[in-house]
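Here is a briefing on one protein model.

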Amino acid sequence: MYRVLIADDERIERMILYQVLERNLRDRCEIVQAENGREALEVYAREKVQIAILDIEMPGIDGIEAARRIRQADPWCSIIFLTAFDEFAYARQAITVRALDYLLKPCDEKELMLVLEEAIRLAEEHDRQARQSAEGDRQARQSAEGDRQVRQPAEGDRQVRQAEGSGRQDGLSVGWEGQACLSGRAERRNGQAEGGLGQAGAPGEPRPWGTGAEESGGLTGKVAELAYRYIRENYRRDISMQDLAGAMNYSEAYFCKLFKQCFNKNFTAYLTEYRVKEAKRLLEQPTINVKEVGKAVGYMDPNYFARVFKRITGQTPTEYRSAIFTK
């Protein structure tokens, strides 16, 4: 099971968050708690936490400093910040921490769980890469050992061959010579889905934001237009909040604030809902395999695709398709 750390000095908020995670993830994750940054670091080190949910404003060691120390120790730990809009100037210090997402308090449960699903996917990806790397190292050791054994036969064996007059050369290495051993190191990104199933952004498609500042033609309107275009053109790839913020030349924390103002939800939740919307459209085409649908909208892992799809729609992709064609 993966371990999720909740660090918040507000006991009531921490307990509510714990109950939400326990209700949704009890079969897959162990939830641990800390009431300040110093305790969070102690729990992280003791429990070997893979996912850390940190309140930014905590006494003593705050969430950002705790995140910095966690990141120094572990580049793979998924860090999720709890914050409020008036704390974003403070949160800009967290640029180098590479947070997975920033969640506005109090957290929306659906947005929170979509971010947690992504964090679990990253933890699973890390485990997969670690297994591949270990297997690659094992094969390399076996290859090197076998090569040494064949190239350096025992003296007694060499004398036997010479006595037999077989004429064979010493140090035979057939089957080992030049054998390549892969490191097993996988690319983190899933890359562009193959097959080109369907096209997003059809002419006349309504913009996904509603009323508010984005319609005023100001900064948020431009941000919304560019962000929507980026997602529409890249949702099939393994994109992140950092990718989009970097493409628009914003710091992660400030961009998160703008994105929330434009779309009324965080980046991870919006991207997931966009992908599921496209997946539903493809599932309505009976000639397309369900696994290919997942790949076509950016999910290389069919199990992860099914989990996310069900969290959004209440049905698995297969159940959704069956319901459509049995009406």
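Does Thr268 count as buried or exposed? Thr268 counts as buried, because its relative accessibility is 9% (buried means under 20% relative accessible area, exposed over 50%, partly exposed in between, with a 1.4 Å probe and protein chains only). This is a predicted model, in which local features need pLDDT of at least 70, side-chain atom pairs count only at pLDDT 80 or more, and totals for chains, interfaces and linings use all residues. Residues are numbered from 1 along each chain as its sequence is written, and side-chain values use heavy atoms, with hydrogens and water left out.

**Overall make-up**

- The protein chain holds 13 helices and five strands (DSSP runs numbered from the N terminus: helices are H or I with at least four residues, strands are E with at least two).
- Of the 327 residues in the protein chain, 43% are buried.
- Among contacts with a separation of 6 or more, 69% join residues 24 or more positions apart (contact means heavy atoms within 4.5 Å).

**Confidence**

- The protein chain has an average pLDDT of 79, and 74% of the residues score at least 70 (pLDDT is the predictor's confidence in each residue, from 0 to 100).
- Confidence is highest in strand S2 (residues 29–34), at 97, and lowest in helix H6 (residues 155–164), at a mean of 47.
- The pLDDT is below 50 over residues 158–216, a stretch with 103 contacts in the model beyond near neighbours in sequence.
- Where pLDDT is low, the predicted coordinates should not be read in detail.

**Nonpolar cores**

- The largest nonpolar core has 61 residues (a core is a set of buried Ala, Val, Leu, Ile, Met, Phe, Trp, Tyr and Cys residues joined through side-chain atoms within 4.5 Å).
- Leu5, Leu54, Phe81, Ile231, Leu244 and Phe259 touch the most other members of this core.
- H10 supplies the largest share of the core, eight residues.
- Ile231 touches Leu244, Phe259, Phe267, Tyr270, Leu271 and Tyr274, leaving aside residues up to four places away in sequence.
- A second, separate core of 23 residues includes Val4, Leu100, Val115 and Leu116.

**Helix packing**

- H7 (residues 219–234) packs on H9 (residues 252–263) at an angle of about 95°, with the axes 9 Å apart (axes are lines fitted to C-alpha atoms, for helices over the stretch in contact, and angles run from 0 to 180 degrees between N-to-C directions).
- H7 is therefore roughly perpendicular to H9 (under 35 degrees counts as roughly parallel, over 145 as roughly antiparallel, 65 to 115 as roughly perpendicular and the rest as oblique).
- Residues in this contact include Val223, Tyr228 and Ile231 of H7 and Phe255, Leu258 and Phe259 of H9.
- By class, the H7 contact with H9 has 12 nonpolar, two polar and no charged residues (Ala, Val, Leu, Ile, Met, Phe, Trp, Tyr, Cys and Pro count as nonpolar, Asp, Glu, Lys and Arg as charged, and the others, Gly among them, as polar).
- The axes of H10 and H12 cross at roughly 95° and come within 10 Å, so H10 is roughly perpendicular to H12.
- Val276 and Leu283 of H10 and Phe305 and Ile312 of H12 are among the residues that make this contact.
- The H10 contact with H12 has seven nonpolar, two polar and two charged residues.

**Single residues**

- Thr268 lies in H10 (residues 267–283).
- Thr268 touches Leu100, Asp101, Leu114, Val115 and Glu118, not counting residues up to four places away in sequence.
- Lys291, in H11 (residues 290–296), counts as exposed at 55% relative accessibility.
- Met300 sits in the loop between H11 and H12 (302–313) and counts as partly exposed at 28%.
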